[in-house]
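This report covers the pockets of one protein model, a pair of its helices and its backbone geometry. The sequence and structure come first.

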Amino acid sequence: MPRTMKALVLDAHGDFDQLSLVADKAVPDVTAGHVLVRVRASSFNYHDVFTVRGMPGIKVPLPVVIGLDLAGEIADIGEGVSGWNVGDRVLVNPLNKQKGLMGEMLDGGMAEYCLVTAEQLIAMPENVTFEQAAALPVAYGTAHRMLITHKTVKAGDKVLILGASGGVGTAAVVLAKLLGAEVIACASGAEKTARLKEAGADHVVDYKETDFSKWAIQTYGKPQRRSYEGGVDVVVNFTGGDTWVPSLKCLKRGGTLLVCGATAGHDPKEDLRYVWSFELNIKGSNSFYDEDLKALLQLISDGRISPIIDKVLPLEQATAGLRSLADRTVLGKVVVAP
């Protein structure tokens, strides 16, 4: 076991120049109830951008190794841990129940080794790659809970997905298609919309050029209060802000607005008339649980889904990868192989 390792460390909040790649960070000592994981893949989420920049009300214990999502092999096992062996391939649930999120409240996956509690471990099927597994927790886990665990989408539903080019967005496209829905993927730019069409979306809307709500109404008809004609069945909206009321306007009577975040603003203008007049459902989803991650691993193992990964980078290029995510120039996940 080496005594030092390479790691991507956040030293202070600010821009991405506050991240440094170090080659001499001490490999964590394994402690009781924990295992040491040799990280083979870790993926970025927009949450990592927020961690770098700093979030009001959240005090991150700096310096910290960033990265919530990780998969790898068990390298060492602490006292009191049973049911696991050195060499086991594992996905790590990023939530440490005692301390909080990996890569925020304690060192995360952007390093060669990571210390995690045994209860965070999920066994990986042999035919699932480390890159596929590391793409799952935050993005696909959240989308799975929102669409499948909560049983909000069924075959034939018209599902409009905002922010469809990001991690959660592409996951929602993949899972909605798995469920047999008609998927409308909304993103910015011709390149992203073309790639989303290739990824399986039935329709794509460039919301920089086209009002998504008006497009839905023109395509499916104006929602009716006294019948179930017009509009879409489901809108996936984790952006909030100015997109909130337009999302309400294009939902059919009895339709559902799914929300799992608010990247463009958590306190949007509201219009309750649409909620009661069209008997709309607003359903929140918070995070993900082991059941979601296990189900996703099985779906990959069975060949039913494949996570959309934009690029796989070495740790030396991780900061550039996170910057590309912040600049929204990627489609799907950015994975790092330490």
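## Second largest pocket

Strand 9 (residues 113-117) gives the largest share of the lining of the second largest pocket, with five residues. The model is a predicted one, and the volume of this pocket comes to about 220 Å³.

The lining of the second largest pocket is made up of 16 residues, and those nearest the centre are Pro28, Lys99, Leu106, Asp107 and Leu115. Sorted by class, this lining holds nine nonpolar, five polar and two charged residues.

## Largest pocket

The volume of the largest pocket is about 1,400 Å³. Its lining counts 46 residues, with Tyr46, Val168, Phe238, Gly261 and Thr263 nearest the centre. By class, 21 residues of this lining are nonpolar, 19 are polar and six are charged.

Three helices each supply at least two lining residues to the largest pocket: helix 1 (46-53), helix 3 (136-149) and helix 4 (167-178). The largest pocket lies between domain 1 (4-137 + 288-336) and domain 2 (151-284), because both domains give residues to its lining.

## Helix 3 and helix 4

Two of the helices that contribute to the lining of the largest pocket, helix 3 and helix 4, also form a crossing pair: their axes come within 8 Å and cross at roughly 45 degrees. The crossing of helix 3 past helix 4 is right-handed.

## Backbone geometry

Most peptide bonds are trans, and most residues other than glycine have a negative phi.

The peptide bond that runs from leucine 62 to proline 63 is cis, and its omega is near -5 degrees. Proline 63 sits in the loop that joins helix 1 to strand 4 (64-65). Helix 1 is also one of the helices supplying residues to the lining of the largest pocket.

Glutamate 279 is not a glycine, yet its phi is positive, at about 50 degrees. The loop between helix 8 (272-277) and strand 16 (281-284) contains glutamate 279.

Key: Residues numbered from 1 in each chain as written. Predicted model: local features only at pLDDT ≥ 70, side-chain atom pairs only at ≥ 80, totals over all residues. Heavy atoms only, no water. 1 Å grid on protein atoms, 1.4 Å probe; cavity = no way out; pocket = protein on both sides within 12 Å on 5 of 7 lines; lining within 4 Å. Points joined across faces, edges and corners; volume = space filled by probe spheres on them. Helix = DSSP H or I, 4+ residues; strand = E, 2+ residues; numbered from the N terminus. Nonpolar A, V, L, I, M, F, W, Y, C, P; charged D, E, K, R; others polar. Domains from an automatic or database assignment. Axes fitted to C-alpha atoms, helices over the stretch in contact; angles between N-to-C directions. Left-handed = near helix turned anticlockwise from the far one by under 90°.
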